[in-house]
Amino acid sequence: MATALDRELKRQITVNGAAYTVVLDPQGMRLVGKGKRRPEVELRWSDLLSGEAALAVALNASLSGDLASAKVASAKGATGQAKLASKRPTR
């Protein structure tokens, strides 16, 4: 049996030599640079499940001119949606 996530859980990680704090809470997750207050990445669980997160990644990549990343993110989002839809119970 898994433990319910009913309050914030913080852990420190190092990515490419930079320290970050990962915060998991019932609403989603945040990645905050060590010593910073504003999150660099924020993701709500509902956005992840609905596919909105993949669309946001694709949009940001397309706006930055990195179209290869946008195509990969879009493909992953579509694939993830299909997998999620097949696992959802029907009523």
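**View 1. Thr 21 in its strand.** Thr 21 is part of strand S2, which covers residues 18-25; helices (H or I, at least four residues) and strands (E, at least two) are DSSP runs, numbered from the N terminus. This is a predicted model, in which local features need pLDDT of at least 70 and side-chain atom pairs count only at pLDDT 80 or more, while totals for chains, interfaces and linings use all residues. Residues are numbered from 1 along each chain as its sequence is written, and side-chain values use heavy atoms, with hydrogens and water left out. Thr 21 counts as buried because its relative accessibility is 17%; buried means under 20% relative accessible area, exposed over 50%, and partly exposed in between (1.4 Å probe, protein chains only). With neighbours within four places in sequence set aside, Thr 21 is in contact with Lys 10, Arg 11, Gln 12, Arg 30, Leu 31, Val 32 and Lys 34. Contact here means heavy atoms within 4.5 Å.

**View 2. The open sheet.** Four strands form an open sheet in the order S1-S2-S3-S4, with antiparallel pairing. Its edge strands are S1 (9-15) and S4 (41-44), each of which pairs on one side only. From one strand to the next, the twist averages 20°; axes are lines fitted to C-alpha atoms, for helices over the stretch in contact, and angles run from 0 to 180 degrees between N-to-C directions. Two strands pair if DSSP finds at least two bridges between them.

View 3. S1 and S2 run antiparallel and are joined by seven bridges. Gln 12 has Thr 21 in S2 as its bridge partner. The hairpin of these strands has two residues between them, and Asn 16 lies in the loop. Phi of Asn 16 is near 50°, a positive value in a residue other than glycine. Most residues other than glycine have a negative phi. Asn 16 is exposed, at a relative accessible area of 82%.

**View 4. S2 against S3.** Strand S3 (residues 28-33) runs antiparallel to S2, and six bridges join the two. A hairpin through two residues connects S2 to S3. Tyr 20 stands opposite Gly 33 in S3, and Val 22 stands opposite Leu 31 in S3.

View 5. S3 is mostly covered, with six of its six residues buried. In a regular strand the side chains alternate between the two faces of the sheet. Gly 28, Arg 30 and Val 32 point one way from S3, whereas Met 29, Leu 31 and Gly 33 point the other way. S4 runs antiparallel to S3 and is joined to it by four bridges. Leu 31 stands opposite Val 41 in S4.

**View 6. A salt-bridge network around Arg 30.** Glu 8, Asp 25 and Arg 30 are linked in a network of salt bridges; a salt bridge is a side-chain nitrogen of Lys or Arg within 4 Å of a carboxyl oxygen of Asp or Glu. The count by this rule is two. Between Glu 8 and Arg 30, the closest N and O atoms are 3.0 Å apart. Glu 8 lies in the segment before S1 and Arg 30 in strand S3, so this pair ties together parts that are 22 residues apart in sequence. Arg 30 also forms a salt bridge with Asp 25, and there the closest N and O atoms are 3.0 Å apart. Glu 8 counts as partly exposed, at 43% relative accessibility, whereas Asp 25 is buried, with a relative accessible area of 9%.

**View 7. The whole protein and the confidence of the model.** The protein has three helices and four strands, which follow the pattern β-β-β-β-α-α-α along the sequence. Of its 91 residues, 20% count as buried. Among contacts between residues at least 6 apart in sequence, 7% join residues at least 24 apart. The mean pLDDT is 76, and 70% of the residues reach 70 or more; pLDDT is the predictor's confidence in each residue, from 0 to 100. Over residues 78-88 pLDDT stays under 50, and for these the model has six contacts beyond four places in sequence. Where pLDDT is low, the predicted coordinates should not be read in detail.
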